[in-house]
Amino acid sequence: MFDCGMHMGHHDHQRYPDFARILAATPGADFTSAISCVVITHFHLDHIGALPYFTEVCGYHGPIYMTYPTKALAPLMLEDYRKVMVDHRGEEEQYSYEDIQNCMKKVIPLDLKQTIQVDRELVIRAYYAGHVLGAAMIYAKVGDAALVYTGDYNMTPDRHLGAAQIDHLKLDLLITESTYAKTVRDSKHAREREFLKAVHKCVSGGGKVLIPAFALGRAQELCILLDDYWERMNLKIPIYFSAGLTIQANMYYKMLIGWTSQKIKDSYTVHNPFDFKHVCDFQRSFINDPGPCVLFATPGMISGGFSLEVFKRWAPSEKNLVTLPGYCVAGTIGHKLMSGKPTRIDLDKETHIDVRCQIHQLSFSPHTDSKGIMDLTEFLSPSHVILVHGEKPQMSFLKERIESELGMPCYYPANNETVSIPTTKNLKISATDKFIASCSTSQARDSTQKSNLICGNHLSGANGDEKLAEGILLMEKSKDAKILCEDELLQLLGAEGHSLQFEPLLHSRIGEAETDIVDDLASE
């Protein structure tokens, strides 16, 4: 199972994957025996949010793999989300804090490019994906069938992470995210300038800037950017971060500096960029304080929690700004704001929000764009491509591009739809000593043929040419295939051999026999 996430736009059973599909595919099995392992690509909730539910409630007890940074940061994300859903929204608890702890005890950490033999057939390996700290692409091979599941990735470096890196692999299938299947971004510097200009304009006019962001990932990227800008411009306006887990998160970022960009690794000994000079903690009592400020509030997408609480207070003022730095899932307030500026948002039958603030959308997403997806697909040159993690119209557009420009069959299956991918299976076949000897003997009978060389189980002529040999391929269940002679098979089956004997006739007798047959046919 690649990833075990949740849908941030749903608040009922639809938030989790339909795990019953696993048992339906393997009747009589439980979750642990039905799948070989779970591999988590990174700590975002749409990739890990259902994991404690799957292990502690559904009862999966098999191997779980993720990188060291993901194992360190995932519990912070999961507990933060649990608190938002249970403590602030009063929802029924899906899993407890103890469930999260017990789940993480089952995790086996992965290092980059470390090859893991999961079972007799399955091999997995992790590659650097960019996106967020610890994010990995996963290479998986079963027998001769190989695929790469990208998870979320970024093909361009940013201020705190490097670009995705992967070996040139021989693949039957590439499963790639397609969040920005139709978007080609401006240069990174142009996007940064636009973001800083919008924020500076708002606070200069006395307004408040709300930046809904998850506490890990884009928040660190934007904090580095704003902290540096505030220093250069000598600004005294406060920058706040609402999430209590930010202190823990930044501690891990400092510890896991080896997973960041080369620029940060090079400058780390002089200055740690995660020691923010102008960013400080935000107290709830500050919400109604007068004067300008910049606030990072969790969760991103304004799907609930403190970012929603602040949005309710600040949205009615025209001086304020909400800047959405990335992708927002359908069903969230962030998505509604990005889909066209609404003047009113209804939370429920009794609660609505008047929206008069400025809305600013920036493509600061850590996902790769359309060009990045095409570049990775062309580099890996898989036999087939499957698009996931995107929206149907954009995926359809990208599918056509991949098929027309790269000549690769491409699919974007809907939920619960099955796609069958043909693969070539190569079998390692051993040959019996008797078979090899019989091949050698038969070749030696040809006096015009040069002497043969037998190397291992391979028969070749002295000049290096391959020779044709006939044998019987024996494939028994749970045993390696092998080639043997005819008499070896007869012995194995306990059967008797049969032979045909030919008696040579004199030429004159053959001629007489042919004449007799022709006369008989003529008389008939």
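**Exercise 1. In which sense, right-handed or left-handed, does α7 pass α8 in their crossing?**

*Solution.* This is a predicted model, in which local features need pLDDT of at least 70, side-chain atom pairs count only at pLDDT 80 or more, and totals for chains, interfaces and linings use all residues. Residues are numbered from 1 along each chain as its sequence is written, and side-chain values use heavy atoms, with hydrogens and water left out.

Step 1. Identify the elements. Helices (H or I, at least four residues) and strands (E, at least two) are DSSP runs, numbered from the N terminus. Helix α7 covers residues 188-204 and helix α8 covers residues 218-233.

Step 2. Read the geometry. The two helices pack at an angle of about 65°, with their axes 11 Å apart. Here axes are lines fitted to C-alpha atoms, for helices over the stretch in contact, and angles run from 0 to 180 degrees between N-to-C directions.

Step 3. Assign the hand. A crossing is left-handed if the near helix is turned anticlockwise from the far one by less than a right angle, and right-handed if clockwise. The crossing of α7 with α8 is right-handed.

Step 4. List the residues that meet. E192, F195, L196, V199 and H200 in α7 are in contact (heavy atoms within 4.5 Å) with E221, L222, L225, L226, Y229, W230 and M233 in α8. The residues of this contact divide into nine nonpolar, one polar and two charged. In this division Ala, Val, Leu, Ile, Met, Phe, Trp, Tyr, Cys and Pro count as nonpolar, Asp, Glu, Lys and Arg as charged, and the others, Gly among them, as polar.

**Exercise 2. To what extent is strand β7 enclosed, and which strands pair with it?**

*Solution.* Step 1. Four of the five residues of β7 (residues 145-149) are buried, so the strand is largely enclosed by the rest of the structure.

Step 1. Strands pair if DSSP finds at least two bridges between them. Five bridges join β6 to β7, and these strands run antiparallel. K141 has A146 in β7 as its bridge partner. The hairpin of β6 and β7 has two residues between the strands, and in it G143 takes a positive phi near 65°.

Step 2. β7 and β8 run parallel and are joined by three bridges. Y149 stands opposite I175 in β8.

Step 3. H131 is placed between β5 (122-128) and β6. Phi of H131 is near 65°, a positive value in a residue other than glycine. Most residues other than glycine have a negative phi. H131 is buried, with a relative accessible area of 1%.

**Exercise 3. Determine the strand order of the sheet that contains β22, and locate D480.**

*Solution.* Step 1. The open sheet has three strands in the order β19-β23-β22, and the pairing is mixed. β19 (430-431) and β22 (472-474) stand at the edges, each with a single partner strand, so one side of each is left without a neighbour in the sheet.

Step 1. β22 pairs with β23 (residues 482-484) in the antiparallel sense over three bridges. L474 stands opposite K482 in β23.

Step 2. D480 lies in the loop between β22 and β23. With a relative accessible area of 62%, D480 is exposed. The C-alpha atoms of D480 and S430 are separated by 7.6 Å, although the residues are 50 residues apart along the chain.

How values were computed
Buried means under 20% relative accessible area, exposed over 50%, partly exposed in between (1.4 Å probe, protein chains only).
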